[in-house]
Amino acid sequence: MQKNAYFKGLTIPFLLLLPQLAITVVFFYWPATQAVWQSFLLEDAFGTSTQFVWFENYQALFADPGYLKAFINTAVFSTFVCVLSLSIALLFAVMADRQIRGAEIYKTLLIWPYAVAPAIAGVLWLFMFDPSLGMLGRGLQSLGVPWNPRLDGNHAMLLVILAATWKQISYNFLFFLAGLQAIPKSVIEAAVIDGARPMRRFWTIVFPLLSPTTFFLLVVNIVYVFFDTFGIIDAVTGGGPSGATETLVYKVFSDGKGGSDLGGSAAQSVVLLVMVIALTAIQFRFIERKVSY
């Protein structure tokens, strides 16, 4: 019989937890605390003069029409990327879970895009859909489609949505495939014997049993579109044209680095952090109720 681990004191457990606690404090809590404090300050670009201004940075932030535009861009971008990446990944996982020849090759090829860095993924899609050099971009123009993401904001938003979706499909595919393989085959076989058609089996048996995986991926994808897509937007459009693809996380960077508004940039990062925490809390509070573990 295997014995449970037993520690006589708190020294060894604390030492085992210390590396993770140190990483969390240094790379999350300390920067977050600095951002909150800096959001109440008015600083020059070099940090040589500082003035405590209370909530003036937040007041200027919510009075800025450019911030409202970035908020709308983020809502559109995050909605489309989450829905498309989850839906396509689930479709691929269902197809790859079947007994077909070469299934392992398909699974490997579908996983590969996850190893590509976000900036590299953005550059790949930029080259493919470039209106003058890209094969797909020139193909669209030859078909009469006035494709030009450099000048058309809708085209630019569509391009970054496609690039971000393609980058995230592999991650979602891995978890959906693992969830499908964990479903007992006896349950599916019983439904087949009862005469349930494939679509009915999927929506009444398979998808409900995948609800824990779907809920987990929903939370992860929300964090992904709010933060990890910065490299894609920076490489593909740089927030343009005319701010059409400038999301909240990219506006934090552009205002802080390009505009030298350190206090306003810190206020934006605090608002963004609060938004993500609130969305995650709402998901755990309401959506998790419908999850069957």
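Modeller: Isoleucine 23 counts as partly exposed because its relative accessibility is 47%; the class lies between buried, under 20% relative accessible area, and exposed, over 50%, with a 1.4 Å probe and protein chains only. The model is predicted, so local features need pLDDT of at least 70 and side-chain atom pairs count only at pLDDT 80 or more, whereas totals for chains, interfaces and linings use all residues. Residues are numbered from 1 along each chain as its sequence is written, and side-chain values use heavy atoms, with hydrogens and water left out.

Isoleucine 23 sits in helix H1, which covers residues 11–38; helices (H or I, at least four residues) and strands (E, at least two) are DSSP runs numbered from the N terminus. Together with Val25, Val26, Phe27, Phe28 and Tyr29, Ile23 makes a nonpolar surface patch of about 630 Å². Patch members have over 30% relative accessible area and no salt bridge; nonpolar side chains (Val, Leu, Ile, Met, Phe, Trp, Tyr) are joined within 5 Å, and like charges within 9 Å. The areas come from the Shrake-Rupley method with a 1.4 Å probe, and for residues only the protein chains shown count as cover.

The UniProt record, an unreviewed entry, places a "transmembrane region" at residues 12–32, 70–96, 108–128, 156–180, 201–227 and 266–287. Its positions are given in the numbering used here, with shortened feature names, and the annotations may be inferred rather than shown by experiment. Two of these spans can be described further. Residues 70–96 are 100% helix and 0% strand, with end C-alpha atoms 38 Å apart. Residues 108–128 are 71% helix and 0% strand, and there the end C-alpha atoms are 23 Å apart.

Of its 293 residues, 38% count as buried. One example is alanine 163, located in helix H7, which is buried because its relative accessible area is 0%.

The largest pocket holds about 610 Å³ of space. Among its 18 lining residues, the closest to its centre are Val94, Arg98, Leu180, Phe202 and Val206. Helix H3 (65–96), helix H8 (185–193) and helix H9 (198–209) each supply at least two lining residues, and H9 gives the most, with six. On a 1 Å grid over the protein atoms alone, a pocket is an open set of points with protein on both sides within 12 Å along at least five of seven lines, where a lining residue has an atom within 4 Å of a point. Points are joined across faces, edges and corners, and the volume is the space filled by probe spheres set on them.

The structure also has three salt bridges, each defined by a side-chain nitrogen of Lys or Arg within 4 Å of a carboxyl oxygen of Asp or Glu. In one of them, aspartate 64 meets lysine 251 at 3.7 Å, N to O. Aspartate 64 is in the loop between helix H2 (56–62) and H3, and lysine 251 is in helix H12 (residues 248–258), so this pair ties together parts 187 residues apart in sequence. Lysine 251 is buried at 6% relative accessibility, while aspartate 64 is partly exposed at 29%.

Lysine 185 and aspartate 97 form another salt bridge, also given as 3.7 Å, N to O. Lysine 185 belongs to helix H8 and aspartate 97 to the loop between H3 and helix H4 (103–111), so parts 88 residues apart in sequence are tied together. Both partners are partly exposed, lysine 185 at 45% and aspartate 97 at 22%.

Aspartate 130 pairs with arginine 150, the closest N and O atoms being 2.5 Å apart. Aspartate 130 lies in the loop between helix H5 (118–128) and helix H6 (135–142), and arginine 150, 20 residues away, in the loop between H6 and helix H7 (153–181). Aspartate 130 counts as buried at 8% relative accessibility.

Finally, the backbone deserves a remark. Most residues other than glycine have a negative phi, and most peptide bonds are trans. The bond from glycine 240 to proline 241, however, is cis, with omega near -5°. Serine 242 has a positive phi of about 55° although it is not a glycine, and it counts as exposed at 69% relative accessibility.

Definitions and conventions:
On a 1 Å grid over the protein atoms alone, a cavity is a set of points where a 1.4 Å probe fits but cannot get out, and a pocket is an open set with protein on both sides within 12 Å along at least five of seven lines; lining residues have an atom within 4 Å of a point.
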